[in-house]
Amino acid sequence: MSSSSTHDVYYVPAPSKWPVVGSTALFLLAIGFVSLLHFGKTQAYVLLAAGFATLTYMLFGWFGNVISESESGKYNAQVDASFRWSMGWFIFSEVMFFAAFFGALFYARQMSVPLLGDVDNQLLWPGFKPDWPSMGPYNATEFHPMSAWGLPAINTMLLLTSGVTVTWAHWAIKKNDRTQLVLGLAATVALGLIFLFCQMTEYGEAAFSLATGVYGATFFMLTGFHGFHVSLGTLMLIVILARSLKGHFTPEHHFAFEAVSWYWHFVDVVWLGLFVFVYWL
Amino acid sequence: MEAAHAHAHDDHHHAPAGIGRYFTTTNHKDIGSMYMWFSLIMFFVGGFMALVIRAELFQPGIQIVNPDVFNQLTTIHALVMIFGAVMPAFVGYANWQIPLMVGASDMAFARMNNWSFWLMPPAAALLVGSFLVPGGAAGSGWTLYPPLSIQGGISVDMTILAVHIMGASSIMGSINIITTILNMRAPGMTLMRMPMFVWTWLITAYLLIAVMPVLAGAVTMLLTDRHFGTHFFNAAGGGDPTMFMHIFWFFGHPEVYIMILPAFGIISHIIPTFARKPLFGYASMVYATASIALLSFIVWGHHMFTVGMPAAGNLFFMYATMLIAVPTGVKVFNWIATLWKGSITFETPMLFAIGFVSLFTIGGFSGLVLAVTPVDITLHNTYYVVAHFHYVLFSGAIFSIMGGAYYWLPKWTGHMYDETLGKVHFWLTAISFNITFFPQHFLGLAGMPRRIPDYAPQFTEFNQISSIGAFLLGFSQLLFLYVVIKCIRGGVKAEAKAWEGAEGLEWTVPSPAPYHTFETPPAFH
Ligand code: HEM
Ligand SMILES: [Cu+2]
């Protein structure tokens, strides 16, 4: 080994209880969820509460470890590169998760609904008009789909702006300008929260539900999972904001910040897909 | 240097005593061993179910289990074997071998690595435990097609959640493996100088990250269709059950390559070692693996030739499927060319490797037969398909796992296994495997459907042969367990380079490999 650097050794963490705690949490959540669907409610709530508590304990403990390892300088450049690769691949896996639901949307629009209106099916479902948006032939009633040019358009502006503010914060961290870093992050968090608020309002005003045929299903599953990801992203931004206030990060070492901003941009891009294919076209 | 060493030792705890260490370990060798043992246990659990199935099929009529339970057994047998036996075995190999092969001190994320493993037992508990809930286990077939899976009971939800958890485990495991390979290779080991096993896992991990989330999406839609009123797979609401099949097989076909690419990798190490020649056509092996992976995304429709896709779709999927045979053929050619004029010896790993090449190829050919749309329309859902996928999965994936175990056991345990018993195990396995599965081709061609506990009397003889083979095959595997335990407990001391013809960094460390290896990157030439 060359002695030029003290950072040549890749950091391998000491034994840790967090993985087993995390698995316990997920197991409790799984059986709690099954109970909720099939067995007693009380017992389900106990299991779910225990699961969430264990999960929270694990998240605080595990990320706490990672943060203190990072702040005490245990991560050399090679570890940093590992984090970069892994975050990139993680986001790729998320892209593929959304791809499944976009696939369902395109399949419903291009295949299953038009096929229900073809000659064969006219015998089965006479008079069914295979137009999008559709809730299918059974029970078909008039309903109002969500229009793109109300809240959704505002939401698009909110998220696009938040992409700018998070970049502003990144620029600040590289210049070591802590005030602007905090301002940029706070603005991003605020925009995320406003987005979520608008999304809730939109859901409240929707004149259809998850059960409104394949339109309702794809609408709520796609926007719902997106909203869930925005919530996670906002939480992550809040953690980064808190860490910035505590004086964490340096102009050279701030991958946690970058990871969250990558994630945020990913959520942003998914939204653009939603805006175009779910709301607009 | 001083400082770095002191620092490294702070964090590198030496093998702590006691079984409790496995709960918290961050050591790739510990985690690899846990994966292997888990896989072996699930192999026996799934094998037990298979024997119940074969016992029921020994005669026409219903004897041992009712049709409901029969369906549950075929469903859980497949899920246990795929997600519990084959995939964890390959992840176990990845854990043990990749850091040793690329000269890394451990996996890139040692703590998360342990989580990937510890997600498996809860998932297995949900899956296997679902036999105990009211209504029994899921009986929809491992493909979970709606509407059956929508009508199923509690156990379908348990299966869905098990799939979610195993998916999370696979994705974390794959991110770890890709990162280790891309970022932690010894200086000088360029991509095109990586051992083949590492290459195959790099590509497998990519496939896993691409398709496991799609499976998660598919089963999530099942869950909401079951409980929250969505109509993804219900024509009344504008959805379509075949939509599930498309999404499922978009995952499903890459998944079968996930189960065979690491096998290709293992075989590409065993054959050169015992032929005492370098692997023939290394670069073409790499490109073949990559093209198989890419093509695997555009052939899923060959599982759906009978659902009424437009003719153009059927034709496209037929030709695309046949294209995959080309890179697969390149691989088989290269293995045979490696053997050509080698000075070959037939130790147990080599027997399994040669068994793999011959029998996997039969599975490849029956796959080609099934790829022909008009032929598949008569063969779909018959025993011919069952024969096909057991030739590629048992004499493919499982043979490579066993061959690999014999090959690397000396490195893992520090002892040579019992060669005679190993050979006996191979011959018992290879012969009874063929007794079990070869007749199933004939059954399928004659029209016997899969997943049905009863059959017409004219199918009896072949079924009886198959069932006798299955019991032989199942019990022969106990011999494997015995050989492994015997090897762990003692035997002839293995040298660092346990095989004369072996190449690669893993053979430069002592046998058994010390708890920590390559704490500083080795020199690679
Ligand atoms: C040359 C390569 C291959 C070709 C052309 C091929 C082709 C096919 C086709 C057309 C089917 C659908 C049969 C039907 O359901 O009617 C099929 C089924 C299947 N194949 Fe292959 N295959 C190949 C290799 C493999 C490999 C390497 C594996 C796994 C390691 C595999 C595993 C399976 C499985 C598990 C099924 C059945 C799935 C089910 O319906 O449950 N195949 N194959
Ligand atoms: Cu396939």
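This is a predicted model: local features need pLDDT of at least 70, side-chain atom pairs count only at pLDDT 80 or more; totals for chains, interfaces and linings use all residues.
The side chains of E69(A) and R111(B) join in a salt bridge, with 2.8 Å from N to O. Are the two partners buried or exposed? R111(B) has a relative accessible area of 7%, so it is buried. E69(A) is at 8% relative accessibility, so it counts as buried too. Side chains of opposite charge can pair when their charged atoms come close.

Now step back to the interface around this pair. How many salt bridges does the rule find between chain B and chain A? It finds one. Several helices of chain B supply the side that touches chain A. Those giving two or more residues are α1 (2-11), α2 (21-24), α5 (110-118), α6 (120-129), α8 (154-183), α9 (196-227) and α10 of chain B. Among these, α9(B) gives the most, with 13 residues. What kinds of residue make up this side of chain B? They divide into 41 nonpolar, 23 polar and seven charged.

The size of an interface is often given as the accessible area lost when the parts come together. Here, chain B and chain A bury about 5,900 Å² between them. Carbon and sulfur atoms give 75% of that area. The contact takes 71 residues from chain B and 65 residues from chain A.

Next, look at salt bridges beyond the interface. Over all chains, the count by this rule comes to eight. One of them lies within chain A, where the side chains of E71(A) and R243(A) meet at 3.3 Å, N to O. This pair links distant parts of the chain. E71(A) is in helix α2 of chain A, and R243(A) is in helix α7 (residues 213-245) of chain A, 172 residues apart. The two ends differ in accessibility. E71(A), at 38% relative accessibility, counts as partly exposed, whereas R243(A) is buried, with a relative accessible area of 8%.

Another pair in chain A is E258(A) with R84(A). Their closest N and O atoms are 3.2 Å apart. E258(A) lies in helix α8 (residues 255-280) of chain A and R84(A) in helix α3 (residues 77-116) of chain A, so the bridge ties together parts that are 174 residues apart in sequence. E258(A) is buried, with a relative accessible area of 11%. R84(A), at 27% relative accessibility, counts as partly exposed. A further residue joins in: D80(A), R84(A) and E258(A) are linked in a network of salt bridges.

Return to chain B for the metals. Which protein residues hold the copper ion (ligand 2) as donors? They are H253(B) through ND1, H302(B) through NE2 and H303(B) through NE2, at 1.9 to 2.1 Å. Along the chain, these donors follow the spacing H-x48-H-H. H253(B) is at 6% relative accessibility, so it counts as buried.

The copper ion (ligand 2) has another metal 4.7 Å away, the iron atom of ligand 1. That iron atom has a single donor from the protein, H388(B), through NE2 at 2.1 Å. H388(B) is placed in helix α16 (residues 383-413) of chain B.

S366(B) is in contact with Y384(B), H388(B) and H441(B), leaving aside its neighbours within four places in sequence. S366(B) belongs to helix α14 (residues 348-371) of chain B. Is S366(B) buried or exposed? It counts as buried, because its relative accessibility is 3%. S366(B) and V392(B) are 26 residues apart in sequence, and their C-alpha atoms are 9.6 Å apart in space.

Technical notes: Residues are numbered from 1 along each chain as its sequence is written. Chains are lettered from A and ligands numbered from 1 in the order in which they are written. Side-chain values use heavy atoms; hydrogens and water are left out. Donors are N, O and S atoms within 2.8 Å of the metal (3.2 Å for Na, K and Ca); water is not among the atoms, so sites may look incomplete. Helices (H or I, at least four residues) and strands (E, at least two) are DSSP runs, numbered from the N terminus. Buried means under 20% relative accessible area, exposed over 50%, partly exposed in between (1.4 Å probe, protein chains only). Contact means heavy atoms within 4.5 Å. Buried area is the accessible area (1.4 Å probe) that two parts lose on being put together, summed over both. A salt bridge is a side-chain nitrogen of Lys or Arg within 4 Å of a carboxyl oxygen of Asp or Glu. Ala, Val, Leu, Ile, Met, Phe, Trp, Tyr, Cys and Pro count as nonpolar, Asp, Glu, Lys and Arg as charged, and the others, Gly among them, as polar.
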